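Please look at the sequence and the 3D structure below, and keep both in view while reading the paragraphs after them.

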Amino acid sequence: MNTIYLEEVNSTNLYAKSNIEKLQDRTLVQAARQTSGRGRLQRSWVDLGGDNLFLTFVLKPAKTFSEIYSNLTQYLSVVLCKTLEEYSLQPQIKWPNDVLLDGKKVAGILSETVMQGNVFKGLVLGIGVNLNADENALKQIDRPVTAVNLQMGETIDSEEFKGMLVNKFFENYDHFLNVGFSDIKEYYINYACFLNKEISVQILNEKKSGMAKAITDNGELVLESNKKDLVLTIGDIL
Ligand code: BTN
């Protein structure tokens, strides 16, 4: 596997997008420091200093886009949970792809589709994992966040962690591309912390509240709101 290792970059996703023509399928772009990390819903991803993981998978599975690719973020969230379990931790997933430890976010995943006109060039699937941070650095983030070292009480070897994550990712990747979300649905549901709970979801400029009833075979969230089932494809559980 080809890895491009950068000491510092604005964003590994941006780097991968700018260089998409040159980068082969299954290239990894990793940075020691990220100065302008990008998050979901136009948010930023803060570099907490220390030895954390900023990694982007460059994926070129086919010449045309398939709906299955939208579920790769959920696939990666399951892969990350399995990796964290190797550390005897008990991760959970908050729909669609936030991974939590002790109820606090420990990692974020952002997938971006790269198009040139109508031509599909590939996907950049980025993941940031707080592996080593100190409590004070976490205070700059206005949401509950944590880091693996704080949960474990010891420093985490980022290369070892990355190795496990990447191996687990590619172990089942080809199969996932053939089968889609239903391939991981059972695992996903077992890690889900939001099902059968009253929740609020921010969907672009709208907020919907209700009972998180189910996850569909396509990874969508079924929210029962005012006695109607809403099937959500995007959103952010508040
Ligand atoms: C989120 O908002 O939860 C997603 C955060 C994704 C952060 C990662 S860090 C590596 C890659 N490069 C980026 O700029 N973003 C992703």
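Predicted model: local features only at pLDDT ≥ 70, side-chain atom pairs only at ≥ 80, totals over all residues.

Residues are numbered from 1 along each chain as its sequence is written, and side-chain values use heavy atoms, with hydrogens and water left out.

Around the ligand there are 20 residues, of which Ser11, Gln34, Arg38, Arg40 and Lys105 come nearest (a residue is near a molecule if one of its heavy atoms lies within 4 Å of it). An oxygen atom of the ligand lies 2.7 Å from a polar backbone atom of arginine 38, and a backbone N or O atom of arginine 40 is 2.7 Å from an oxygen atom of the ligand. The protein covers 99% of the 410 Å² of accessible area that the ligand has on its own (areas come from the Shrake-Rupley method with a 1.4 Å probe).

Strand S8 (104–116) is one of the elements that each supply at least two residues of the shell around the ligand, and S8 gives the most, with four residues (strands are DSSP runs of E, at least two residues, numbered from the N terminus).

S8 also provides the largest share of the lining of the largest pocket, five residues. That pocket (on a 1 Å grid over the protein atoms alone, an open set of points where a 1.4 Å probe fits, with protein on both sides within 12 Å along at least five of seven lines) is lined by 40 residues, among them Arg40 and Ser70, where lining residues have an atom within 4 Å of a point.

Conventions:
Polar contact = N/O pair within 3.5 Å; in protein donor to acceptor, adjacent residues only side chain to side chain.
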